[in-house]
Structures are given as structure tokens and as C-alpha cells.
Amino acid sequence: MLVGFDIGGTKIELQVLSDQGEVLFKLRQPTPGDYAAFLIKIREMLMDVENKIGFFGGIGIGLPGAICPTTGKMKNANCTFLNGRDVIGDLCQATGKTVRIANDANCFALSEAVDGAGGGGTVVFGAILGTGCGGGIVVNQSIITGANAITGEWGHNPLPGYNPETDGDIGQCYCGKKNCIEQYISGTGFAAQYNHKYQADLNSQQIMALVDAGNEQAVAAYQLMLDQMARSFASISNILDPDVIVLGGGMSNIERLYQDLPSAMNKYIFSNEPKVTVRRAVYGDSSGVRGAAWLAK
Ligand SMILES: [Zn+2]
């Protein structure tokens, strides 16, 4: 029995999975406003699990943020009261369980690698293309965390093959650098490019509806974004050569990407006949909490 938590800014989701990945129990609670209340809330939710399902050994936690490898404390969490805290140590003490933590993109990749769209792949790259652009790498069903806990954060690499004339100057990213991949191929980035170029105020779904209707300017914007995405993922293939690339987040709902992206990537990959498999995530919003549960294994 595996217990996973997905800690969000507004809600905490818990799922209990069987060793085969079947959902045995679910619970959702609002995220408390401070650290002490957070520790109590997690303990209460676990007591609920033990009362209803029975005893278990450890828990996995997924959240936007990472444990700093130098200090062992939480950093970059969107639940800001967690930052600077020894979350693993404090939760072990509060709950009496072993605790494993990974960021949400890594949990997403793990969930999809174990029994989702990447199932069976030795090397899986999972990318969440939504408001931002996160990534995770799973090898033999184990997350690669990295020396700085930033593995998979390729969204803040400079856009490969950047050409100011065709790609445009999108300005500074919140991370402090310029022309990051995230600024072009996340849902927000795709829309920002379009809106800047055509003085519009549309989101990525509205632009894709125009593409489906054959609107010339929207089709051109999609083709440019597709090429930017192809360059970005080809850079992953040339380093990691994953068996499967799994897409999550809002942009993963663009059905034509699964046809268009592999062939668009081919010309940027260092192989005569590259075989690239790009799949949509199977578990959608549940990937984070499922991946957290697999962490506990
Ligand atoms: Zn950036």
C-alpha cells in the first residue's frame, strides 16, 4: 500500500494506491495557512488512512519546490511557509513515517513512467507545458534528482537555435534570464508570442481553435511554436535519448502535436532515422499525487 500527497497552494490531495496502482482511497483538504497547522493536517489525514485502510510504512510527497541538497531545507515552494523548513525531518517526527519528497514535475514523470504513457520505457522524459514549463527525468522507474535538485528544468535553458528575426525578442523571464524555452512553448508563452505579434488578447486554447478553423495567422503562429518545441525537445533527445517523451499540462491537449512534433524534431536530431515517441499523459491532474505515492515504494 502506497500513500502519496500532492501539496498545492490551495488544496492537499492524498491518494492511497495498491502495489499494482489501483486507487484504494482518496482525500482532499484545503491547504492550511501556516507550518504548524500543515504538520497537524498531514498527521490527521494519515490517521484517517490508518483508520479506514490500515497500517502502512512510508509516505511520498509531491509539490512545486525542492529540498536544497546543501541544507536539507525546502526551497522554491509555492506554499511559502514551507521554505527554509526541514520538512522531511519535521514530518517524520509528526507522523512517525518515513517521508520522501520530490517536485511536482518529477512526480508527474515518475507516475507516467511507472504505469502511464511512459510505461515500459527505460528512460522517460516528462514535460508539463502549462503556465510554466517543467520537466522530470525517470530512469528505470527512479527519479534523477541531480546535484542541485534541478534535473529536468530545461524550461529555463535558452531556446535552442534562437533567431531574433523569426523567434522574436520575448524579453526577460521571471528567472532573470532572457529567451528561456518556457517563454515560447508553455501555454502562457505560446499565447504571449501570438498576442505580442498580432496585438491580440487570446489564450492558447483560443489560438488553437483559430488554427483548427484554418486562420492563416494562427496557423503560422502554431507552426513557429511547433518548430520551437521541436528544437527544445530535440536538445533533450540528443543528450538523454529518452524512449518516451510524455506531455502534460494544457498544451498536451493539442491533439495534432502527437503527429506533428516527432517529424518536426527529426531534422534537429543527430540520427539519420530517429525514432521519437511523444505521448500525452495518461493520468492528467492525478499524475502528481500518483507519482508521490510511487515515491513511497
Ligand atoms: Zn527562465
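This is a predicted model: local features need pLDDT of at least 70, side-chain atom pairs count only at pLDDT 80 or more; totals for chains, interfaces and linings use all residues.
Which backbone nitrogen does the side chain of asparagine 179 reach at 3.4 Å?

Residues are numbered from 1 along each chain as its sequence is written, and side-chain values use heavy atoms, with hydrogens and water left out.

Start with the layout. The protein chain splits into domain 1 (2–107 + 286–295) and domain 2 (118–281); such bounds come from an automatic or database domain assignment. Their C-alpha centres are 29 Å apart. Eleven residues of domain 1 and twelve residues of domain 2 take part in the contact, where contact means heavy atoms within 4.5 Å.

Now the zinc ion. His156 (ND1), Cys173 (SG), Cys175 (SG) and Cys180 (SG) coordinate the zinc ion at 2.1 to 2.4 Å. Donors here are N, O and S atoms within 2.8 Å of the metal (3.2 Å for Na, K and Ca), and water is not among the atoms, so sites may look incomplete. Along the sequence, the spacing of the donor residues is H-x16-C-x1-C-x4-C. Why tetrahedral? Because the four donor atoms subtend angles of 104 to 120° around the zinc ion; the rule for four donors is that all angles lie between 85 and 135 degrees.

Cysteine 173 has 6% relative accessibility, and cysteine 180 has a relative accessible area of 1%. Buried means under 20% relative accessible area (1.4 Å probe, protein chains only).

Back to asparagine 179. This residue sits in the loop between α4 (164–167) and α5. Helices are DSSP runs (H or I, at least four residues), numbered from the N terminus, as are strands (E, at least two). Asparagine 179 is buried too, at 10%. And the opening answer: its side chain reaches the backbone nitrogen of isoleucine 170. The side chain of asparagine 179 also makes a polar contact with the side chain of tyrosine 162, at 3.5 Å. A polar contact is a pair of N or O atoms within 3.5 Å; within protein, one must be able to donate a hydrogen and the other to accept it, and residues adjacent in sequence count only if both atoms are side-chain atoms.

Last, the largest nonpolar core. It has 38 residues. α8 gives the most to this core, with ten residues. A nonpolar core joins buried Ala, Val, Leu, Ile, Met, Phe, Trp, Tyr and Cys residues through side-chain atoms within 4.5 Å.

Conventions:
Buried means under 20% relative accessible area, exposed over 50%, partly exposed in between (1.4 Å probe, protein chains only). Four donors count as tetrahedral if all angles lie between 85 and 135 degrees; four count as square planar and six as octahedral if opposite donors are over 155 degrees apart and all others between 65 and 115; anything else is irregular.
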